[in-house]
Amino acid sequence: MNSNRYKILVVEDEANICSFVKTILEANDYQVLVASTCQQGLMMFSSHVPDLIILDLGLPDRDGLELIKAVRATNAVPILVLSARTMENDKVTALDLGANDYVTKPFGTAELVARVRAALRTRRTADSFSAAPGGKFYLEDMVIDYDRRIVTVAGAEVKLTQTEYNILALLSEHTGKVLTYSSIISTIWGRIDEGSTKKLQVNMANIRKKLGSKPGDNRYIINELGVGYRIQDPPTAPGDDS
Ligand code: CA
């Protein structure tokens, strides 16, 4: 009996996709629970308390977005949205309701496993943040020192404005999560107006430039076009997924 395995709830009504996902996850040593409707998903969520939910948005009884709302009312469990819908609006709505990330169908094995690992890491990061506020964030040669509000790349300090630092720190506190434009704007500036997105893009361009990242280069910060930004996933430490 292996009690430290992560428990993942898959809510998906298409049997072939469901069994594909289940097979991949079990091959990676995750424990898998399956539900095919929104209602069944909610019931299994409360009785089994999984470490992660993989959720299809198009379910037969209710919209998957309803499940995100219901779960988020009480619980911070990572939610990875799985959807054939390629419309940006659905992704953005799901993320703004509290989903951590999304995978668009059709997806490959490696992509799914990477997203699952990153989403599970969110949970661990959140735990360690509450246990030890401050501390440091490491990503390749970049270090964020939260106590001193200093960012270094390869040991050299990067001169960021307060706003630029706040944006970078916000992204780093949400590894494994896509932050939508509006969620970043409302956290950093408190309100959204006409020029907000442009203001965010300008700040982001400056952050990238100061970090030494070339335009279009997805180093440190990944631009999810039309949706938002995510911090690059830190490498998995040996034994990290045990
Ligand atoms: Ca479906």
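Is Lys 69 buried, exposed or partly exposed? At 44% relative accessibility, Lys 69 counts as partly exposed, where buried means under 20% relative accessible area, exposed over 50% and partly exposed in between, with a 1.4 Å probe and protein chains only. The legends below describe a predicted model, in which local features need pLDDT of at least 70 and side-chain atom pairs count only at pLDDT 80 or more, whereas totals for chains, interfaces and linings use all residues. Residues are numbered from 1 along each chain as its sequence is written, and side-chain values use heavy atoms, with hydrogens and water left out.

**View 1. The salt bridge between Glu 66 and Lys 69 in helix H3.** The closest N and O atoms of Glu 66 and Lys 69 are 3.6 Å apart, a salt bridge being a side-chain nitrogen of Lys or Arg within 4 Å of a carboxyl oxygen of Asp or Glu. Helix H3 covers residues 64–72, and because Glu 66 and Lys 69 are three residues apart in it, about one helical turn separates them; helices (H or I, at least four residues) and strands (E, at least two) are DSSP runs, numbered from the N terminus. An α-helix has 3.6 residues a turn, so residues three or four places apart point the same way. Glu 66 is partly exposed, with a relative accessible area of 31%. A search of the whole structure finds 15 salt bridges.

View 2. Arg 230 is placed in strand S12, which spans residues 228–231, and has a relative accessible area of 2%, so it counts as buried. Since Arg 230 lies in strand S12 and Asp 101 in strand S5 (residues 101–104), the pair ties together parts that are 129 residues apart in sequence. The side chains of Arg 230 and Asp 101 are also joined by a polar contact of 2.9 Å, a term that denotes a pair of N or O atoms within 3.5 Å; within protein, one must be able to donate a hydrogen and the other to accept it, and residues adjacent in sequence count only if both atoms are side-chain atoms. Leaving aside neighbours within four places in sequence, the residues in contact with Arg 230 (heavy atoms within 4.5 Å) include Arg 115, Leu 171, Lys 177 and Tyr 220.

**View 3. Helix H6 and its buried residues.** Helix H6 runs over residues 162–172, and eight of its eleven residues are buried, so it is largely enclosed by the rest of the structure. Among the buried residues of H6 are Glu 164, Tyr 165, Ile 167 and Leu 171.

**View 4. The protein donors of the calcium ion.** Asp 13 (OD), Asp 56 (OD) and Gly 58 (O) lie 2.2 to 2.4 Å from the calcium ion; donors are N, O and S atoms within 2.8 Å of the metal (3.2 Å for Na, K and Ca), and water is not among the atoms, so sites may look incomplete. In sequence these donor residues are spaced D-x42-D-x1-G. Asp 13, in the loop between strand S1 (7–11) and helix H1 (15–27), and Asp 56, in strand S3 (residues 52–56), are 43 residues apart and link distant parts of the chain. Asp 13 is partly exposed at 32% relative accessibility, whereas Asp 56 is buried at 3%. Asp 56 also belongs to a network of salt bridges that links it with Glu 12, Glu 14 and Lys 105.

**View 5. The cis peptide bond between Lys 105 and Pro 106.** Omega is about -5° for the bond that joins Lys 105 and Pro 106, and Pro 106 lies in the loop between S5 and helix H5 (109–131).

**View 6. Positive phi at Asp 29 and Arg 149.** Asp 29, which is not a glycine, has a positive phi of about 70° and is placed in the loop between H1 and strand S2 (31–35). Arg 149, likewise not a glycine, has a positive phi of about 55° and lies in the loop between strand S7 (142–145) and strand S8 (150–153). Asp 29 counts as partly exposed at 43% relative accessibility, and Arg 149 counts as partly exposed at 39%.
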